[in-house]
Amino acid sequence: MNSKVSIIVPFYNVSAYFERCILSLFHQTLNDIEYIFINDGSSDNSEQILRITLKEFPHKISQVKILNNTQNEGIIAARIRGIKIASSEYVLMIDADDYIDNEMVESLYGKALSEKADVVISDIYIEYGYKTELFTNLIDDDKTNNIKSLITNGTISASLCSKLFSKELLDLVAQKLPTSLNYGEDKLTFFYILFFANKVVKLNQAFYHYIQYNSSSVTKTISKIHFENIIDFWKYCENFIKEHLIYADYEDLIAQSKIHEKAQLMISTNSMSLREEYRDMFGDIDKAYIKHLKFGEKMMLFFVKFKLFYLSQCLRYILVLKNKKPVQI
């Protein structure tokens with residue numbers, strides 16, 4: 001191992017936000033860092049911004065690796081490529097449109113060493129442009145409770161970017177990851193991580209700034225890929241749980257979460273045609289678990305089930321105006 005921490009940063013057409021991210025990485029108080037940037041087929045000048053900014057930090061040049069994908073392969077594939085060449089004991093993953101506080105790497109690395117932990121979790125600043133909110137991750141001593149919280153979008157953020165991981169753990173998890181997911185990919189990865197980790201600890205401080213005003217982010221506009229990726233996510237999740245003979249511990253929670261995510265996708269999308277195309281999504285458990293939903297979610301699934309798509313669109317406008325859905329992180 002050459003460095004103390006490797007930072008993996010895949011980037012794809014993030015020129016408007018990238019310089020701030022890069023500067024936050026190069027200003028870290030921990031000096032012994034390996035930087036791995038993966039250009040995932042960008043068609044803008046993101047890589048040029050990286051190279052120009054790097055010239056301002058000549059002492060960092062030897063610590064930086066820039067990899068290029070000839071086409072956009074997706075976030076999981078890019079991260080796996082970075083994990084494979086990372087040379088440090090611990091790894092941090094950063095999204096290229098976000099940024100971090102100067103002491104983040106040193107603080108998480110120190111906690112990992114002092115606790116002999118596989119995973120160190122910190123809190124998150126959610127940046128809306130006009131305000132900043134704090135998301136506090138809450139973890140339990142019991143691994144099963146943490147996995148259940150993740151499955152239900154409870155008190156643990158699925159985001160990988162506020163967490164430090166041992167390279168050994170990521171090497172194990174990377175072998176099991178599908179490269180086809182671009183929505184729900186953090187949640188699936190972190191699900192595997194929580195299952196295999198021996199020790200997960202929490203640092204009660206926020207360092208990571210999660211940007212919510214990048215309109216080009218894959219999470220901003222709900223499209224067909226979101227529905228397909230959610231279907232695939234639950235297939236991978238359920239197959240893994242069944243493989244490890246623990247399905248009975250999670251069956252009800254998974255079913256409830258699947259129906260909740262279906263309702264949220266139906267509310268979030270502005271496309272009546274997508275509601276029609278995916279009206280039977282998880283239809284085998286709709287009836288049994290719809291009772292766990294909020295009234296607006298129940299009404300949306302009722303309208304979709306009976307092909308009342310115009311009414312579903314009217315309901316969507318009401319719900320979006322009334323309840324700004326909390327961001328999933």
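Is Cys237 buried or exposed in this model? Cys237 has a relative accessibility of 1% and therefore counts as buried, where buried stands for under 20% relative accessible area, exposed for over 50% and partly exposed for what lies in between, with a 1.4 Å probe and protein chains only.

1. Basis of the note. This is a predicted model, in which local features need pLDDT of at least 70 and side-chain atom pairs count only at pLDDT 80 or more, whereas totals for chains, interfaces and linings use all residues. Residues are numbered from 1 along each chain as its sequence is written, and side-chain values use heavy atoms, with hydrogens and water left out.

2. Cysteines. The structure holds 0 disulfides, a disulfide being a pair of cysteine sulfur atoms within 2.5 Å. For Cys161 the closest cysteine sulfur is that of Cys21, at 9.2 Å, which is too far for a bond; Cys161 itself counts as buried because its relative accessibility is 0%.

3. His209. This residue sits in strand β9, residues 200–211 (strands are DSSP runs of E with at least two residues, helices are runs of H or I with at least four, and both are numbered from the N terminus). His209 has 9% relative accessibility and so counts as buried. Its side chain makes a polar contact of 2.8 Å with the side chain of Asp101 (a pair of N or O atoms within 3.5 Å, of which, within protein, one must be able to donate a hydrogen and the other to accept it; residues adjacent in sequence count only if both atoms are side-chain atoms). Beyond four places in sequence, the residues in contact with His209, meaning heavy atoms within 4.5 Å, include Tyr99, Tyr125 and Glu127.

4. Cavity. The search of the whole structure finds 1 cavity of 30 Å³ or more, and the largest cavity has a volume of about 70 Å³. On a 1 Å grid over the protein atoms alone, a cavity is a set of points where a 1.4 Å probe fits but cannot get out, and lining residues have an atom within 4 Å of a point. Helix α3 gives the most to this lining, with 4 residues, and the lining as a whole has 9 nonpolar, 1 polar and 1 charged residues.

5. Second largest pocket. About 150 Å³ of space lies here, a pocket being an open set with protein on both sides within 12 Å along at least five of seven lines. Among its lining residues are Asn153, Gln256, His260 and His292, and helix α9, residues 247–268, gives the most, with 5 residues.

Technical notes
Points joined across faces, edges and corners; volume = space filled by probe spheres on them. Nonpolar A, V, L, I, M, F, W, Y, C, P; charged D, E, K, R; others polar.
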